Amino acid sequence: MTEHTRPRIYGTDHDSTDPHTTLPGHDYVELSGGPLDGQLLDVTGLTADERTAGAYLITPHSAYGPGGRASYGPTFTRPDGPWVWEGDVP
């Protein structure tokens, strides 16, 4: 894959030299829909309960402007991913 086709890793700096490289031994879920669509989220350190709860992720492109959060979580039918956008929260 080229840099332009590999998904960006959520939380990497915009000026990072390689914001598209996954780390060996880490688990990732794809974010689907909303402002972070297509990015990968590293869920390696999350417990099973945290993985089923989802997450509020800071984004510069939420309905609440920069610093707002987007809610993403697993679906009942696909608990291992991708996590889908549930809406924006302040």
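This is a predicted model: local features need pLDDT of at least 70, side-chain atom pairs count only at pLDDT 80 or more; totals for chains, interfaces and linings use all residues.
Author: Welcome! Local features here need pLDDT of at least 70, side-chain atom pairs count only at pLDDT 80 or more, and totals for chains, interfaces and linings use all residues. Residues are numbered from 1 along each chain as its sequence is written, and side-chain values use heavy atoms, with hydrogens and water left out.

Reader: What makes strand 4 and strand 5 a pair?

Author: Strands are DSSP runs of E, at least two residues, numbered from the N terminus. Two of them pair if DSSP finds at least two bridges between them. Strand 4 (residues 68-73) and strand 5 (residues 83-89) are joined by 5 bridges and run antiparallel, so they meet that definition. Ala-70, for instance, has Asp-88 as its bridge partner in strand 5, and Tyr-72 stands opposite Trp-85.

Reader: Which residue stands opposite Ala-70 in strand 4?

Author: That is Leu-57. Strand 3 and strand 4 also pair, in the antiparallel sense, over 5 bridges.

Reader: Why are strand 2 and strand 3 said to stand at the edges?

Author: The open sheet has 5 strands in the order 2-1-5-4-3, with mixed pairing. Strand 2 (40-42) and strand 3 (55-59) each have a single partner strand, so one side of each lacks a neighbour in the sheet.

Conventions. Helices (H or I, at least four residues) and strands (E, at least two) are DSSP runs, numbered from the N terminus.
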